Amino acid sequence: PSNNEREKGDKNMSIQTVMVIGAGQMGAGIAQVCAQAGYNVKMNDREEEALQKGKAGIEKRLTKAVEKEKMTASDCDATMQRLSMTTNLAEANDCDLVIEAVVENMDVKKQVFTALDTHAPKHAILASNTSSLPITEIAAATNRPERVIGMHFMNPVPVMKLVEIIRGLQTSHETYQAIHDMTLKLAKTPVEVRDFPGFVSNRVLMPMINEAIYTVYEGVANPQAVDDVMKLGMNHPMGPLTLADFIGLDTCLSIMEVLHEGFGDSKYRPCPLLRQYVQAGWLGKKSGRGFYQYE
Ligand code: CAA
Ligand code: NAD
């Protein structure tokens, strides 16, 4: 290749500045691990308050790591220096990669991707942290479907080693390779899966959580008993209902709906109790109440 082409190729593949859209529990974790790995990170949320909360959470976790001597104070400072915040999506204009982590809703995600397509530079990769929604459909909301990909982190992001990487129908090999390589730089393990409802992680996990909710709904056992069975009997680190509260019951319901609609199979029907809790605003840990109460 000519110098010009090489330069263009290098620019295409070199990721330095990352925008993370959504500063909730996933977005803040993703921003943290990217900044820790040396990337410049712009955190974006439509709510100023969410940005402040997300940043405070990062600062708290890093300070704890310094106290436990797992990180030096200067690395902590340098990581915080690499993080900035904005409510303006147009500031994606100098980013090489955007990772979207807003609510699990196709219409909202499409709006974000269409807007990003106009703001982000042509070479930028647009990734979604969606738990279950079709990457191919999100990609079709842009004019760069070959640069759209699923980059599915697990919660809590700083702790969990997996990133499920989902190729949409039109995702290019270069895009896949860039995200695969970046995942390794984040000290995480990439696993490639195809674009199918719930991918692998939530196709396997979420029906278990939904079934656990059915056992409560049918009066088989109370939430604590269900969780004890799975923790003490199956060595799960958290019982399924504690995990559902941790993930967010709104997110769990959205994923079950994607599975139900995507496969057209009644075995994926969301438990009515899950639906009712979400209707009540009982979204789990983040709202203070779910299957358990939080302070
Ligand atoms: N954020 C960041 N770090 C956290 C954390 C959080 N919310 N919770 C715990 N940690 C860190 C702690 O600081 C601690 O770090 P150090 O070892 O460096 O001190 C470490 O994790 C262990 O924490 P604890 O000893 O307090 O607690 P634990 O041993 O019970 O582990 C856990 C906590 C890792 C969350 C564990 O309970 C666990 O693995 N739970 C299951 C998590 C899981 O299944 N995640 C996947 C959810 S599904 C998903 O993400 C996909 C989707 O699309 C829905
Ligand atoms: P959350 O509710 O904690 O945070 C979502 C954030 O997005 C909020 O701060 C909200 O203000 C912001 N937001 C909403 N619309 C926006 C917009 N148009 N522009 C900018 N910001 C906007 O949710 P979460 O648990 O962090 O989940 C985010 C995404 O990550 C979802 O797609 C979810 O399925 C996925 N995910 C969640 C988990 C989990 O365990 N919670 C795990 C993996 C993936």
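This is a predicted model: local features need pLDDT of at least 70, side-chain atom pairs count only at pLDDT 80 or more; totals for chains, interfaces and linings use all residues.

Me: How far apart are the closest N and O atoms of Glu192 and Arg167?
Reply: Glu192 sits in strand 8 (residues 189-194) and Arg167 in strand 7 (residues 162-167), so their pairing ties together parts 25 residues apart in sequence. Glu192 is partly exposed at 43% relative accessibility, and Arg167 is partly exposed too, at 24%. The two form a salt bridge, and their closest N and O atoms are apart by 2.7 Å.

Me: How many salt bridges does a search of the whole structure find?
Reply: Some of them join up: Glu100, Glu104 and Lys109 are linked in a network. Searching the whole structure gives a total of 8.

Me: Which residue meets Asp117 in a salt bridge?
Reply: Asp117 lies in helix 5 (residues 106-119), and its partner is in the loop between helix 6 (135-139) and strand 6 (148-153), so the pair ties together parts 27 residues apart in sequence. Asp117 is buried, with a relative accessible area of 16%. The N to O distance is 2.7 Å, and the partner is Arg144.

Me: Is Arg144 buried or exposed?
Reply: The cut-off for buried is under 20% relative accessible area. Arg144 has 5%, so the label is buried.

Me: What is the distance between the closest N and O atoms of Asp250 and Lys286?
Reply: Asp250 is in helix 11 (residues 249-263) and Lys286 in the segment after helix 12 (272-280), 36 residues apart. Lys286 is partly exposed, with a relative accessible area of 47%. The two form a salt bridge, with those atoms separated by 3.1 Å.

Me: What is the nearest side chain of opposite charge to Asp45?
Reply: Asp45 is placed in the loop between strand 2 (40-44) and helix 3 (48-67). Asp45 is buried yet has no salt bridge. The nearest oppositely charged side chain is 5.1 Å away, and that is Arg46.

Me: Which backbone nitrogen does the Asp45 side chain reach at 2.7 Å?
Reply: Asp45 touches several residues beyond four places away in sequence, including Gly22, Gly24 and Thr86. Its side chain reaches the backbone nitrogen of Glu47 at 2.9 Å. At 2.7 Å, the backbone nitrogen reached by Asp45 is that of Ala23.

Note on methods. Residues are numbered from 1 along each chain as its sequence is written. Chains are lettered from A and ligands numbered from 1 in the order in which they are written. Side-chain values use heavy atoms; hydrogens and water are left out. A salt bridge is a side-chain nitrogen of Lys or Arg within 4 Å of a carboxyl oxygen of Asp or Glu. Helices (H or I, at least four residues) and strands (E, at least two) are DSSP runs, numbered from the N terminus. Buried means under 20% relative accessible area, exposed over 50%, partly exposed in between (1.4 Å probe, protein chains only). Lys and Arg count as positive and Asp and Glu as negative; His and the chain ends are not counted. A polar contact is a pair of N or O atoms within 3.5 Å; within protein, one must be able to donate a hydrogen and the other to accept it, and residues adjacent in sequence count only if both atoms are side-chain atoms. Contact means heavy atoms within 4.5 Å.
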